[in-house]
Amino acid sequence: MASGKEPISLLLTGAWVLTMDPDQEVFCPGAVAVTGPEIVAVGPPEELTARYAPARTLHYPEGLILPGLINAHTHAAMSLFRGLADDLPLEEWLNSHIFPAERLLTGDFVYWGTKLAVAEMLLSGTTTFCDMYLWADRVAQAAAETGIRAVVGEVLYDFPSPNYGPPAAGLAFSEALCQTWQYHPRVNVAIQPHAVYTCSPDLLQACGDLAEKYGTRLIMHLSETPHEVADCQARYGATPVAHLSNLGLLTGRLVADHAVALTDADQELLAASGAGVAHCPESNMKLASGIAPVSELLARGVPVGLGTDGCASNNNLDLLQEVDTAAKLQKVGKLDPTLLPARAALALATRGSARVLGLAGEVGVLKPGLKADLVVIDLNQPHLTPLYDPFSHLVYAATGADVQTVLVHGQVLVQDRQLKSFDLNETLARARELARQLKS
Ligand SMILES: [Zn+2]
């Protein structure tokens, strides 16, 4: 080029760029240069404008740019069960309300429920979600079509599924899913047995073998409640964590969703294994499951990410609210306001979740070579003014409603609070219609 500048597809500038690198590199003001799906540079705007000739520029003089948020555990299509049954214990909630409603599910319900959830997630700054549900093929389809990044897995258990039928067919379904999506740039597949109380040791071991074969994560609910731990002790003479260890499944491949009711020995086993934890504080509070020992797990070096769990037990998918809750729950749980400070809390929803899901080489941090998954927060608002510390505002003052623009894989999926990649009104209309059918 005559200018001598390197052509790139997009340059974003903002009042702040938080890279979320472990060294906490912050630029004020800052810019991010993007070519195709990747970040090519992060730095001061004058440096990047001197180096690059962007085809498109997005200037946010009152904007804060950070990595896209990563929801490490959800059941996206449960967005259609939001508010269906509240204020009940987990076992009663699952057995009397959720499992019966799920027997009426269809692939279409899952597809539109997932699209509804993706709309909510993108508009509130989530760029990757890890989903456990039925008809995971339709979840994958919804993720592929909407432009979001996802880790999907078919939920597996010992009883027949309305999707794949008899339990044995679940493993074949999961294997086919692995093969179908193996080379997709944004959709990853994991093996996802439901829990130790719904899956036999044989099924769990078969799941572990399949995860090993395809080099994917093995993801399950684990030690979610004291009731689950007591039940597992009675049945197998071991805590859920020790039970998995006995089965040879406690490895760096494992993601333990919830991990609330943990003994010291459980925590040591988790730390020694390299397994990760998906912390879901609002679901744990709403179902009164307890407080996960996140500060202790982090101190022991256990990778911890942040999830919302399904919409029926939260009841939203707003990760900025979840970060706020996570920080405050650690403090009140131990009556110690110094626990899980803002920087560490925000790390859970970015590089923490990325590491737990095995995506650390792709997303979670803004740096050259990683995927251009990022979010712009609109700072020009009363509740975000003045600003002394951007980490403080993101964790304790901002919500998903402050998200202005969202990129995934270098594509602008939300711009100035408008969803660009699919039809929001069609999705809302379908969701209302499906809810009418469910109710009748
Ligand atoms: Zn869950």
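This is a predicted model: local features need pLDDT of at least 70, side-chain atom pairs count only at pLDDT 80 or more; totals for chains, interfaces and linings use all residues.
User: What is the volume of the largest cavity?

Analyst: A cavity is a set of points, on a 1 Å grid over the protein atoms alone, where a 1.4 Å probe fits but cannot get out. Points are joined across faces, edges and corners, and a volume is the space filled by probe spheres set on the points. By this rule there is one cavity of 30 Å³ or more. The volume of the largest cavity is about 210 Å³.

User: Which residues lie closest to the centre of the largest cavity?

Analyst: Lining residues have an atom within 4 Å of a point. The largest cavity has 19 of them, and the closest to its centre are His75, Met78, Leu94, His194 and His221.

User: Which element gives the largest share of that lining?

Analyst: Helices (H or I, at least four residues) and strands (E, at least two) are DSSP runs, numbered from the N terminus. Two or more lining residues come from each of helix H2 (90-102) and strand S7 (126-133). The largest share, six residues, comes from H2.

User: How are H5 and H6 oriented to each other?

Analyst: Axes are lines fitted to C-alpha atoms, for helices over the stretch in contact (heavy atoms within 4.5 Å), and angles run from 0 to 180 degrees between N-to-C directions. Helix H5 (residues 167-181) and helix H6 (residues 201-214) pack at about 15°, with axes 11 Å apart. Angles under 35 degrees count as roughly parallel, over 145 as roughly antiparallel, 65 to 115 as roughly perpendicular and the rest as oblique. H5 is therefore, relative to H6, roughly parallel.

User: How are H3 and H15 oriented to each other?

Analyst: The axes of helix H3 (residues 107-123) and helix H15 (residues 424-439) come within 9 Å and cross at roughly 135°. The two helices are therefore oblique.

User: How many residues of each class are in the contact of H3 with H15?

Analyst: Among the residues that meet are Trp112 in H3 and Leu434 in H15. Ala, Val, Leu, Ile, Met, Phe, Trp, Tyr, Cys and Pro count as nonpolar, Asp, Glu, Lys and Arg as charged, and the others, Gly among them, as polar. The contact has 10 nonpolar, one polar and four charged residues.

Note on methods
Residues are numbered from 1 along each chain as its sequence is written. Side-chain values use heavy atoms; hydrogens and water are left out. On a 1 Å grid over the protein atoms alone, a cavity is a set of points where a 1.4 Å probe fits but cannot get out, and a pocket is an open set with protein on both sides within 12 Å along at least five of seven lines; lining residues have an atom within 4 Å of a point.
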